Amino acid sequence: MKIIKQAINLILVLLVFSRVISGLGIDLDEEMYETRDVSTAFRLLDFDTYYGSDSGLDERSGSLHLILNDEDLEDLEKDSPSTKVIIVTIHKYLTNSSLEIFAKEDSKVEGVVVLHGTDQEGSVDTAPDHFSPFSKIPQQFSGLHTSDETTWEWNPNSNLVFYTKWNFPIVYLSLEEESSEILKHAQENKEKDKTKYGISITGQMYGQYDSKVCLRRKYCDPIGGKSVYSFLGGQYNDSKPTTLVHCSIDSISMFPNYSPGYDSDSSSIAVLLAVFDALTDTAKTGAGMDWTSTDRQIMFGFWEGEKWGHLGSKRFLKEVEEFKCTDYSSGKKSCETPYRYSLQFTEIDLNNIDESIELTQIGLPSTDLNAYHLYAHVERNDKEDESIELMQYVDDVSKNSSSDSIQVTTISQASTSTPGIPPSSTESFIQQNSDIVSIVLSDFNEHFTNPYYGSVFDNGDLKNITQLVSVANLIARTIYAKALGITNLTTIPLELVVDESLLETLIDCLVTDNHCEFYENYFDSEYGEEYVTNYPGVYSENTGRLQSIFIRNFLQTKTFPASFGSCESDSDCKEDEDGDDIYADCIKKKCYKRAAYYHQAYSQDIEYNTDSSKYEIDSKASNVWTESRWANLSCKSFLFADTTKDTLLFALGLAFIIIYYIIYFLFRKFSIKKFFNVKSLKQN
């Protein structure tokens, strides 16, 4: 009975202690662990299978084990660790061959932490010589060339590690400071041959098998977002021939939340926005310039989800041709089911889009010509000769524009040894209408020159603003001449050049700073994540990612810079200052006449069923990318217990308890003899 009372007292003491700790605001988990800011190679699924890493049901933890060179890797392969480890390494060893070594049963590897380009001395490198985890043949099964011609490797630097599945977590430490700290901890483990420092990773991926099964079970969501398009002048004319000037706005990497995509898409976005700015500036085009009265109509397109099977361009083209609304809003300005905030796209006649100029990977100066140069790719079809004529027209603009005051890039036809145009949105338009005349402009000839395509290192370290200005000037002057039907190209205004400062600012915002001051002109600065990524994320009907919102708001305010009325939402902008019905949007709490449009970007092979609250996949589907849902991802570093110190502390604690009880019993015996007469107490 006495023992039970003592046990109860001990439990009460522990409960009181825990309450005291809680009351003092002490989080024992935070005291023992340090949370690290990481991005994971989370699970992605296509129509047939899944890719990426997974921590499984349980927390994965181990001591830090450093792999920085070939010798480290060989040692791990020959002599497996005696305890569980978390590999700490650099991108050089983020390859299938290295990961296969980590994945061996006897390796005891519980996960992989990839450092932010950190070398052995703890300084930060820019990047390895090359690193591209994405496909050697991007868009192989959704583009034009799905036959034997797909053996053409546009991206020879690829190591294909993206297309592998691993049953342990792989995370990327995105902050330089944390990378350096973890590196030092791993080095200390290695040098002292101890397991002092460790890391634990959690983040179970729910998606299994493929997109079909995953969507049915509601364990994943479609990849997608919002494309944006606009017409110079802000109005669409269905009777005019139209030149489409466009680019993709998404990129990819092994760690999707860090996909800056400087060369793959951000450079093209920045150039087209700078071009749009120049063409809507009457000081550069002439005071009487009216884009609604030109001979040819100019359409700007910014397509989302293109790296995932041309999601944006294919969805746009499909719905222009065959969209069906089952529940219109009042006035039929929008559709409630399926939700489309604008139905303007239903007015477009695709047959009128007879020319296409696309920019893709334009940010790197030519390596073989030592000059600012682009290659024009044309498709090998019945329109090849006319496409070459379009290229020659652009080249003539370049030759007639180059001067001391105007920097323009030169262009030439890309190699005829390739299958045709490279992976691009133009493929979707040719698949829809083979009569379209098209060129794709890029900084590469036969193969991608970007050594970091589809990786965290496509981050603008190789940027060249002068290159981008020369491209933007050429495109702006070409569009001006095309729209007006100019044959004497020397008459293009000398003033028609882009704002170099604006272009540089755009690159900074799109590639390095989501909260740049310039963005505050177009939406609240607190919008968006701290990190910069052009990964589309999962599709949502009512929201879009930061880049799409910025592009739409930029195009809109450049087209109609005069605002009217204050607002909290778009519903407050139904009428103009005269009380007339109008299409308008709320931007920075001011109403602007609508001149740019979002369009849903997700696989054309799926549709949302409102009755079952599930996405349904077309029976003939072949391209459906989804992102797995997952449990809360966490990565925490910690100190392992020191056995020697723990034994010593235990011995000291035990000695303290023994001494305490000896003193207690001696004091009790002394007190009784000193202050109590035991015999008298018994007699009484």
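Reader: How many aromatic pairs does the count come to?
Author: The count comes to 43 aromatic pairs. Rings of Phe, Tyr and Trp (its six-membered ring) pair if their centres lie within 6.5 Å; planes under 30 degrees apart count as stacked, over 60 as edge-to-face and the rest as tilted.

Reader: What is the geometry of Trp308 and Tyr535?
Author: The pair is edge-to-face, because the ring centres are 5.9 Å apart and the planes stand at 70°. The pair links distant parts of the chain, 227 residues apart. Trp308 is in the loop between strand 14 (297–303) and helix 9 (311–322), and Tyr535 is in the loop between helix 13 (500–511) and helix 14 (546–559). Helices (H or I, at least four residues) and strands (E, at least two) are DSSP runs, numbered from the N terminus.

Reader: Before going on, what kind of model is this, and what goes into the values?
Author: This is a predicted model, in which local features need pLDDT of at least 70 and side-chain atom pairs count only at pLDDT 80 or more, while totals for chains, interfaces and linings use all residues. Residues are numbered from 1 along each chain as its sequence is written, and side-chain values use heavy atoms, with hydrogens and water left out.

Reader: Back to that pair. Is Trp308 buried or exposed?
Author: Trp308 is buried, with a relative accessible area of 0%. Tyr535 is also buried, at 5%. Buried means under 20% relative accessible area, exposed over 50%, and partly exposed in between (1.4 Å probe, protein chains only).

Reader: And what do Tyr539 and Tyr602 form?
Author: Tyr539 and Tyr602 form a tilted aromatic pair, with 4.3 Å centre to centre and 40° between the planes. Tyr539 lies in the loop between helix 13 and helix 14 and Tyr602 in the loop between strand 24 (596–601) and strand 25 (606–609), so the pair ties together parts 63 residues apart in sequence. Both Tyr539 and Tyr602 are buried.

Reader: Which charged end sits over the ring of Tyr393?
Author: That of Lys482, 4.8 Å from the ring centre. Lys332 lies over the face of Tyr328, at 4.9 Å from the ring centre. The rule for a charge over a ring is NZ of Lys or CZ of Arg within 6 Å of the ring centre and within 35 degrees of the ring normal.

Reader: Cavities next. How many of 30 Å³ or more?
Author: Seven cavities of 30 Å³ or more. On a 1 Å grid over the protein atoms alone, a cavity is a set of points where a 1.4 Å probe fits but cannot get out, and lining residues have an atom within 4 Å of a point. Grid points are joined across faces, edges and corners, and a volume is the space filled by probe spheres set on the points.

Reader: What volume does the largest cavity have, and what lines it?
Author: The largest cavity has a volume of about 130 Å³. Its lining has 15 residues, of which Lys307, Thr360, Pro423, Ser424 and Tyr453 lie nearest its centre. By class, the lining has four nonpolar, eight polar and three charged residues. Ala, Val, Leu, Ile, Met, Phe, Trp, Tyr, Cys and Pro count as nonpolar, Asp, Glu, Lys and Arg as charged, and the others, Gly among them, as polar.

Reader: Where does Leu273 lie, and what is it in contact with?
Author: Leu273 lies in helix 7 (residues 262–279) and is buried at 0% relative accessibility. Leaving aside its neighbours within four places in sequence, Leu273 is in contact with Phe302, Leu506, Phe550, Ile551, Phe554 and Leu555. Contact means heavy atoms within 4.5 Å. The C-alpha atoms of Leu273 and Leu502 are separated by 9.3 Å, and the two are 229 residues apart along the chain.

Reader: Backbone now. Which peptide bond is cis?
Author: The bond from Thr337 to Pro338 is cis, with omega near -10°. Pro338 lies in the loop between strand 16 (335–337) and strand 17 (353–359).

Reader: What is the phi of Lys108?
Author: Lys108 has a positive phi of about 60° although it is not a glycine. Lys108 is in the loop between helix 4 (96–102) and strand 7, and is partly exposed at 35% relative accessibility. Tyr209, not a glycine either, has a positive phi of about 65°.

Reader: Last one: how many helices and strands in the protein?
Author: There are 16 helices and 28 strands. Buried residues make up 54% of the 684 residues.

Terms used: On a 1 Å grid over the protein atoms alone, a cavity is a set of points where a 1.4 Å probe fits but cannot get out, and a pocket is an open set with protein on both sides within 12 Å along at least five of seven lines; lining residues have an atom within 4 Å of a point.
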